Amino acid sequence: MFKNLFKPKLWKPFVFENSKIPVWLSKLAPIDIWAVSFFIFVFCRGEMTEETRRHETIHFQQQLELLFVGQWILYGVFYCHNYLKYRNGPTAYLQNKFELEAYSMQSVEGYLETRPRYAWARM
Ligand SMILES: [Zn+2]
């Protein structure tokens, strides 16, 4: 359990599968949410695939490097900026720098082990 204590890059969130939280959040969000990463937790509607697990762990790492609150604020800022630019909720979501990193790297095996800090900033 503590073998990666001094390697935060390898820290993983606590995962809750078959959760209702993504269902409830989808009523407020511009997209249908399958899984969501919040603080040290990930909630998924069903069972997580390796890709979904990597996607959400990338978000967990993004939050860690911005001390959580910083990522939540920036996520909202990027979303609003994109919404004004594209006038479309799903596009504003997909063009968010945090999502661009997560979607482009979710299928790359070993990405989390080699991921550069603040990789989203270069998206
Ligand atoms: Zn995402």
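This is a predicted model: local features need pLDDT of at least 70, side-chain atom pairs count only at pLDDT 80 or more; totals for chains, interfaces and linings use all residues.
Me: Is Leu67 buried or exposed, and why?
Reply: Leu67 counts as exposed because it has 8 C-beta neighbours inside 10 Å. Residues are numbered from 1 along each chain as its sequence is written.

Me: Where is Leu67 placed?
Reply: Leu67 is in the loop between helix 2 and helix 3. Helices are DSSP runs of H or I with at least four residues, strands are runs of E with at least two, and both are numbered from the N terminus. Leu67 is not a glycine, yet its phi is positive, at about 55°.

Me: What about phi of Phe68?
Reply: Phi of Phe68 is also a positive value, near 65°, in a residue other than glycine. Phe68 lies in the loop between helix 2 and helix 3 and counts as partly exposed because it has 15 C-beta neighbours inside 10 Å.

Me: Turning to helix 2, which elements do its buried residues pack against?
Reply: They pack against strand 2 (35–38), strand 3 (41–44), helix 3, helix 5 and helix 6 (111–114). Among the buried residues of helix 2 are Arg54, His55, Ile58 and Phe60.

Me: How do helix 2 and helix 5 cross?
Reply: The axes of helix 2 (residues 50–65) and helix 5 come within 9 Å and cross at roughly 140°. Axes are lines fitted to C-alpha atoms, for helices over the stretch in contact, and angles run from 0 to 180 degrees between N-to-C directions.

Me: Which residues meet there?
Reply: From helix 2, His55, Ile58, His59 and Gln62 meet Phe98, Glu101, Ala102 and Met105 of helix 5. Contact requires C-beta atoms, placed from the backbone, to lie within 7 Å.

Me: And which residues make up the largest nonpolar core?
Reply: Ile58, Tyr75, Phe78, Phe98, Ala102 and Trp120 make up that core of 6 residues. Helix 3 (69–86) and helix 5 (97–105) each supply at least two of its residues. A nonpolar core is a set of buried Ala, Val, Leu, Ile, Met, Phe, Trp, Tyr and Cys residues joined through C-beta atoms within 7 Å.

Terms used. A residue is buried if 20 or more other C-beta atoms lie within 10 Å of its own, exposed if 12 or fewer, and partly exposed in between; C-beta atoms are placed from the backbone. Two residues are in contact if their C-beta atoms, placed from the backbone, lie within 7 Å.
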